[in-house]
Amino acid sequence: MDSLNLLLDGFGAALTPENLLYAAIGVFLGTFVGVLPGIGPAMAIALLLPVTYGLDPVPAFIMFAGIYYGGMYGGSTTSILLNTPGESASVMTALEGNRMAKAGRAAQALATAAIGSFIAGTIGTLLVVFFAPALAGVAVKIGAPSYFALMVLSMVMVTSVLGGSWMRGFISLFLGLTIGLVGLDLNTGQSRLSFDQPLLADRIDVVVVAVGIFALGEALWVAAHLRRSPLHVIPVGRPWMGRADWKRSWGPWLRGTAYGFPFGALPAGGSELPTFLSYLTEKKLAGRRGGDDEFGRGAIEGVAGPEAANNAAAAGTFVPLLALGLPVTATSAVMLAALQGYGIQPGPGLMTDQPELVWVLLASLLIGNFLLLVLNLPLAPMWAKLLRIPRPQLYAGILFFAALGAYATNIQAFDLFLLLVMGLLGLMMRRFGLPVLPLILGVILGPLMEFRLREAMAISGGEVSALWSEPLAVVIYVIVAIAVIAPLVVRRVRPAPAAVAADIEESTEEEKVR
Amino acid sequence: MTTIVVGWTPDEYGEAALARAIEEARLREGRVVVVNATRGDALVDERYADDEQVAALAAELGGSGIEVDVRRSMGADVGDQVLSVAGEVSADLIVIGLRRRSPVGKLLMGSVAQRILLGADCAVLAVKPPA
């Protein structure tokens with residue numbers, strides 16, 4: 001058990017008082033941003049990027065890991081108490097969770113969400129410990145063409161499978177790829193799309209893009225819709241569960257984990273699908289048991305399952321991120337940008353080049369998960385109070401950090417102008433319902449993808465057929481083709497799932513990216 | 001007919017103000033206009049009544065035999081919204097519930113009550129809930 005020893009070493013390094021403090025800060029911050037709809041872990045990490053450049057990579061990533069898991073937990077609190085899912089992955093939790101809360105069982109709903117998240121997150125992270133090194137071991141051997149194919153797969157899946165509309169997804173993706181192209185061509189030194197601006201030839205900093213799209217875009221969007229009828233939060237005490245609730249929860253927790261992890265671990269993951277599948281399964285199982293089927297009136301299984309699936313998928317996304325350097329959520333995309341900021345090359349070599357970072361990160365994921373459980377169960381009533389923060393104050397703070405962060409990366413006033421442009425782009429994207437994730441993925445993966453493409457072309461001497469010269473690449477392209485064609489066929493044959501999805505989308509007031 | 005505007009919130013301060021407004025309306029044989037306002041800039045505002053609370057209020061007031069009109073509104077300043085309703089119905093009296101606060105506390109926290117006291121064209125009656 002080589003991985004286990006390495007993980008234990010990781011624990012040894014992570015369990016210093018300083019690192020524990022960063023883990024606690026991360027968990028707190030993550031829950032804070034997760035509770036508030038509209039701002040999420042991706043925005044929080046983007047805002048923190050410039051701040052953390054002063055830190056070592058290890059404590060920075062410990063904090064990011066805490067923010068990631070904390071955001072997930074905070075999102076479930078809001079869905080249950082307010083019925084406004086903070087993120088698309090919490091939509092399913094909101095369905096039954098809010099009904100439970102209305103029926104006076106908010107404490108149990110929060111408890112099953114928190115404990116389920118903990119169990120799924122722990123199992124998921126342990127699975128990452130075993131899968132990621134194995135996958136990385138295989139991945140170092142694959143060539144540039146297959147790598148390029150993997151990135152294509154990741155982009156196509158994230159763009160088409162996860163979003164509601166293909167058109168919007170691809171518009172967003174190509175916007176991102178275009179932004180990623182701006183600046184000097186790394187091979188030839190030609191400047192592209194820089195409009196003879198020396199400052200643009202320097203390439204647009206990922207931090208500026210991420211902060212502009214996430215923070216400034218959201219702030220402008222909120223400013224445009226400042227006054228909205230306030231909601232009533234369901235009062236809740238300390239979360240707890242009775243014996244019957246435990247008995248009903250553990251099955252859904254484990255089944256949810258089983259659904260979530262594989263979806264997260266695919267280089268095309270996301271947690272919408274597994275949470276949806278978990279919800280359907282629990283509903284079907286409850287129906288089969290018959291009798292006291294509580295679905296539709298607040299069934300604890302309907303909270304436990306999707307919430308576990310959500311967190312297991314979140315853990316699963318670390319497999320492609322660490323083993324392949326492929327991010328599949330907005331948060332992991334921003335984490336990848338953070339790695340690049342430290343000059344660390346993400347990819348299959350990461351596990352062997354930076355073993356300390358990887359294992360400490362995995363250990364701190366487990367620690368953060370535990371901290372979430374012990375901190376958040378007693379603090380749930382306090383988190384609910386955060387929802388009373390007036391938007392002007394909240395977004396003034398966010399704008400301050402956004403401007404500070406964008407300026408601090410390069411100490412360049414021009415970046416503030418770029419920030420404003422990106423913010424306006426973010427506002428327009430929200431206005432026209434374009435998903436943000438494909439854009440961020442395009443900006444971050446685009447240059448990496450181009451690098452692999454150039455590499456493949458250089459090896460083959462410019463022969464395009466080299467792109468499908470490896471068997472693995474061919475297999476991946478077939479998967480891409482299936483992923484593109486299958487939904488079209490299914491939709492034609494059986495329009496029912498689309499109708500169900502539309503129902504769910506209606507209940508999502510606003511989608512927040514993770 | 002005498003018109004009494006009451007700034008109401010679904011809490012003890014609102015209840016105290018409303019009870020007094022009803023009492024005054026009985027005395028003067030007038031009508032009551034209940035105003036419940038919010039800035040609407042936070043996700044949750046417990047002082048803004050939801051439909052259930054308004055229905056409960058209407059049911060409660062239905063038995064009092066006094067003409068009651070409930071208005072809910074959203075805008076930048078809660079005090080201004082009470083004042084604009086008072087102007088619209090040409091109120092003879094505004095009743096508000098007041099918090100106990102030290103002078104320093106008053107300095108730190110903006111106050112709807114102060115805005116109404118300073119801006120009103122009619123008499124303002126400030127009541128405190130029974131301690």
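Is Val58(A) buried or exposed, going by the other C-beta atoms within 10 Å? Val58(A) is buried, with 21 such atoms within that distance. A residue is buried if 20 or more other C-beta atoms lie within 10 Å of its own, exposed if 12 or fewer, and partly exposed in between, with C-beta atoms placed from the backbone.

This is a predicted model: local features need pLDDT of at least 70, side-chain atom pairs count only at pLDDT 80 or more, and totals for chains, interfaces and linings use all residues. Residues are numbered from 1 along each chain as its sequence is written, while chains are lettered from A and ligands numbered from 1 in the order in which they are written. Helices (H or I, at least four residues) and strands (E, at least two) are DSSP runs, numbered from the N terminus.

**Val58 of chain A**

- Val58(A) sits in helix H4 (residues 57–82) of chain A.
- Val58(A) is in contact with Glu356(A), Leu357(A) and Val360(A), leaving aside neighbours within four places in sequence. Two residues are in contact if their C-beta atoms, placed from the backbone, lie within 7 Å.
- Val58(A) and Gly305(A) are 247 residues apart in sequence, and their C-alpha atoms are 32 Å apart in space.

**Helix H17 of chain A**

- Helix H17 of chain A covers residues 391–410, which is 20 residues.
- From first C-alpha to last, H17(A) reaches 29 Å, close to the 28 Å expected at 1.5 Å a residue. The expected span is 1.5 Å times one less than the number of residues.
- The buried residues of H17(A) are Arg391(A), Tyr395(A), Ile398(A), Ala402(A), Gly405(A) and Ala406(A). They cover an arc of only 95° around the axis, so they lie on the same side of H17(A). The arc is that of the directions from the helix axis to the C-beta atoms.
- Exposed residues Gln393(A), Ala396(A) and Phe400(A) are on the face of H17(A) turned away from its buried side.
- The cover over the buried residues of H17(A) includes helices H3 (41–52), H9 (206–224) and H18 (413–431) of chain A.
- Just after H17(A), Ile411(A) takes a positive phi of about 45°.

**Helix pairs in chain A**

- Two packed helices are described by the angle between their axes and the distance between the axes. Axes are lines fitted to C-alpha atoms, for helices over the stretch in contact, and angles run from 0 to 180 degrees between N-to-C directions.
- Helix H1 (residues 2–14) and helix H16 (residues 355–385) of chain A pack at about 75°, with axes 7 Å apart. That angle makes H1(A) roughly perpendicular to H16(A). Angles under 35 degrees count as roughly parallel, over 145 as roughly antiparallel, 65 to 115 as roughly perpendicular and the rest as oblique.
- The contact of H1(A) with H16(A) divides into eleven nonpolar, two polar and two charged residues. Ala, Val, Leu, Ile, Met, Phe, Trp, Tyr, Cys and Pro count as nonpolar, Asp, Glu, Lys and Arg as charged, and the others, Gly among them, as polar.
- H3(A) and helix H14 (residues 330–341) of chain A pack at about 10°, with axes 8 Å apart. That angle makes H3(A) roughly parallel to H14(A).
- In this pair, Pro41(A), Ala42(A), Ile45(A), Ala46(A), Leu49(A) and Thr52(A) of H3(A) meet Ala330(A), Thr331(A), Val334(A), Met335(A), Ala338(A) and Gly341(A) of H14(A). By class, the contact has nine nonpolar, three polar and no charged residues.

**Where the chains meet**

- Chain A gives 15 residues to the contact and chain B gives twelve residues. The side of chain A that touches chain B has nine nonpolar, two polar and four charged residues.

**Loops with a positive phi**

- Arg203(A) lies in the loop between helix H8 (198–201) and H9 of chain A. Its phi is near 75°, a positive value in a residue other than glycine. Arg203(A) counts as partly exposed, with 18 C-beta neighbours inside 10 Å.
- Glu29(B) lies in the loop between helix H1 (12–28) and strand E2 (31–38) of chain B. Its phi is near 55°, a positive value in a residue other than glycine. Glu29(B) is exposed, with 9 other C-beta atoms within 10 Å.
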